[in-house]
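Look at the model below and keep the sequence at hand. This report walks through a few of its features.

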Amino acid sequence: MKIDILTLFPNMFEGFLTESIIKRAIKSNKVNIEINNIRDFSKDSHKKVDDIPYGGGSGMVLMCQPIFDAVKSLAKDNTKVVLLTPQGIPFNQKMAENLSKEEHLIFICGHYEGFDERILSICDMEISIGDYVLTGGELPCMVVTDAVVRLVDDVIEKESIEKESFVDGLLDYPTYTKPRVFEDLEVPDVLLSGNHKNIESWREEERVKKTEVKRPDLLDKGKFKLYKNSENVKIIDLKDLKGYSFHPKNNAKRTDLIPVTNMELMFQKFKKNVAKTNIDKKILTLIKSSILFFEEDSSEDNAIIVLGEAERLKALIKNYEKILEKEYREEIEAKIDLLIQEIKIEMISSKNKEEEIEEKQSRSR
Ligand code: ADE
């Protein structure tokens, strides 16, 4: 891969290109990175590259001429021209992956207050590294170059890329190294167990948990939770399921249904809604039976039926452990427990009443 960087500040790239993985990638010819000074392409006798904005306003604007000429002289048939600007598409791992497959990239680092809008006409893509404004495109260019180069074939081991953050929509699993205990902080036992299967499932679970806590936004939008079993949960994008074929249940001609035998594919939000609707329905039934119990039939037999209903509902809520928030589950469980308690009290008091009546009757006989 070849990367041409167009900048007004070539010196900023010195350390970046001469250290660590980028240095190694260049040395082993996996990537060729050239820093081009935009000023060298200026046709102005004073090597001018910017001017005041038409219509007034503050700051200087990067001119078309040096950029157009630089791109013309560097571009080949297969070149992708990328402009670094806060107005661009927010950069992510998928974009890094796509760019790492290109043969030739030209990165244009915007600078000063802005650039002549006509520069966009020769760019294939605008990239932003986040919703904040830096003094120029140089640091963003290094960020994007770093993320791209490490994904170029054989720059780093494939294995380290496969399970890292964002690759399959999840954050990375937690890692630990020696010592085993540091200031009362212990390494999780499973990692010392030597049981690779357990370690693997622990790591997968931790990735899901970590993502749910730190970046719940990653789990939304078109992503599905795929369960091989309760321990093996993976977040996937439906479009990533290449090689799988799905056949609607009972041969129904429905393209929106995906029946599976040992996997579950469902929008997380949908699954949550289904669970909540199910619980709401069951709570309503339980409330109705409780009202009947309190107002009409407080017999022991009826109490046993209502209590059984309450326990089954509690078990159902427990089953939804992975889908419903802890607070929601605990709130409902507490209400059911209160109801159970009231039913038991009522059952005892009506039993006592019955016994009292029986006693009175036997005494009067
Ligand atoms: N130039 C200035 N700020 C930037 C940002 N956030 N992303 C990309 N290029 C920029």
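Lysine 48 has a relative accessible area of 31%, so lysine 48 counts as partly exposed. The cut-offs are these: buried means under 20% relative accessible area, exposed means over 50%, and partly exposed lies in between (1.4 Å probe, protein chains only). This is a predicted model, where local features need pLDDT of at least 70, side-chain atom pairs count only at pLDDT 80 or more, and totals for chains, interfaces and linings use all residues. Residues are numbered from 1 along each chain as its sequence is written, and side-chain values use heavy atoms, with hydrogens and water left out.

**Salt bridges**

What does the side chain of lysine 48 meet in a salt bridge? The partner is aspartate 51, at 3.6 Å from N to O. Aspartate 51 is partly exposed too, at 30%. A salt bridge here is a side-chain nitrogen of Lys or Arg within 4 Å of a carboxyl oxygen of Asp or Glu. Side chains of opposite charge can pair when their charged atoms come close. The structure holds 14 salt bridges. The table gives some of them.

| Residue | Partner | N to O distance |
|---|---|---|
| Lysine 48 | Aspartate 51 | 3.6 Å |
| Lysine 94 | Glutamate 97 | 3.3 Å |
| Lysine 318 | Glutamate 321 | 3.7 Å |

Lysine 94 and glutamate 97 both sit in helix H4 (residues 93-100). They are 3 residues apart, so about one helical turn separates them. Lysine 94 is partly exposed at 45%. In another pair, lysine 318 is exposed at 52%, whereas glutamate 321 is partly exposed at 44%.

Helices (H or I, at least four residues) and strands (E, at least two) are DSSP runs, numbered from the N terminus. Two strands pair if DSSP finds at least two bridges between them. An open sheet of 3 strands has the order S3-S4-S7, and its pairing is mixed. Strand S3 (50-51) and strand S7 (114-115) are at the edges. Each has a single partner strand, so one side of each lacks a neighbour in the sheet. S3 and strand S4 (residues 61-62) run antiparallel, joined by 2 bridges. Which residue does aspartate 50 face in S4? Leucine 62 stands opposite.

**Surface patches**

Patches are made of residues with over 30% relative accessible area and no salt bridge; like charges are joined within 9 Å, and nonpolar side chains (Val, Leu, Ile, Met, Phe, Trp, Tyr) within 5 Å. Asp and Glu count as negative. One negative patch includes Glu295, Asp297, Glu300 and Glu356. Helix H9 (300-319) and helix H10 (326-364) each give two or more residues to this patch. H10 provides the largest share, 4 residues. Glutamate 356 is found in H10 and is partly exposed at 49%.

A nonpolar patch is formed by Phe9, Met12, Tyr132, Leu134 and Leu139. Together they have about 440 Å² of accessible area, computed by the Shrake-Rupley method with a 1.4 Å probe. Phenylalanine 9 lies in the loop between strand S1 (2-7) and helix H1 (14-17). Phenylalanine 9 is partly exposed at 30%.

**Back to H10**

Methionine 347 and asparagine 302 are 45 residues apart along the chain. Their C-alpha atoms are separated by 9.2 Å.

Note on methods
Charge placed at Lys NZ, Arg CZ, Asp CG, Glu CD.
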